[in-house]
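Colleague: Please take a close look at one part of this model, the packing of its helices. Give me the cut-offs as you go.

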Amino acid sequence: MNSKENLKRKINYSEKRVDWNNRDKKLLKEVKQVLLNWDSKGEKLIRITTTSTGNKLNKLSLIQKHLNKMPKTPNLILASTETAEEFQLRRLVKARNDLIIEGVLINTSNLMRKVGLRKGNVSENVMKQVKCITLNESF
């Protein structure tokens, strides 16, 4: 009935059920495609994280639970993940472009309001970029 050999056979079978290398190749292609088209729809900007990537692919559970079993996909996801500061800088660029299209004066308060930041909650680097944008310098 439940001999040790039968149990071992069942365990070995379940380990070989999923070809993780094959699944990794498929998921890697999907992740690349999602990252290439990340903000192409013109919707509200979303920070690039492991969770948001999984949500866009509708494979959040797979990414959260089994990413360690795949050799290539985790490297791509981790390399493309944004820090909070990188996301703020990306929002600044979009806000600047939106203000130009709207014909609104680009000053610090308009830009910070459009991005949704407060002076006390941003790094020095982000504030430098705000000053560069408001002074029409390239950054």
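Modeller: The crossing of α2 and α5 is left-handed; that label applies if the near helix is turned anticlockwise from the far one by less than a right angle, and clockwise counts as right-handed. This is a predicted model, where local features need pLDDT of at least 70, side-chain atom pairs count only at pLDDT 80 or more, and totals for chains, interfaces and linings use all residues. Residues are numbered from 1 along each chain as its sequence is written, and side-chain values use heavy atoms, with hydrogens and water left out.

Helix α2 covers residues 20-36, and helix α5 covers residues 73-80. Helices are DSSP runs (H or I, at least four residues), numbered from the N terminus. The axes of α2 and α5 come within 9 Å and cross at roughly 20°. Axes here are lines fitted to C-alpha atoms, for helices over the stretch in contact, and angles run from 0 to 180 degrees between N-to-C directions. α2 and α5 are therefore roughly parallel to each other; the term covers angles under 35 degrees, with over 145 roughly antiparallel, 65 to 115 roughly perpendicular and the rest oblique. On the α2 side, D24, L27, L28, V31, K32 and L35 make the contact. Contact means heavy atoms within 4.5 Å.

Take T73, which lies in α5. T73 is buried, with a relative accessible area of 0%. Buried means under 20% relative accessible area, exposed over 50%, and partly exposed in between (1.4 Å probe, protein chains only). Not counting residues up to four places away in sequence, T73 touches D24, L27, L28, V31 and L67.

Now the other pair. Helix α6 (residues 84-102) and helix α8 (residues 124-134) have axes that come within 10 Å and cross at roughly 15°. α6 and α8 are therefore also roughly parallel to each other. Here α6 passes α8 in a right-handed crossing. The contact involves E85, Q88, L89, L92 and R96 of α6. From α8 come N125, V126, Q129, V130 and I133.

Q88, in helix α6, is buried, with a relative accessible area of 12%. Leaving aside neighbours within four places in sequence, Q88 is in contact with V115, L117, N121, V122 and V126. Q88 and V122 are 34 residues apart in sequence and 8.4 Å apart in space, C-alpha to C-alpha.

How values were computed. Helices (H or I, at least four residues) and strands (E, at least two) are DSSP runs, numbered from the N terminus.
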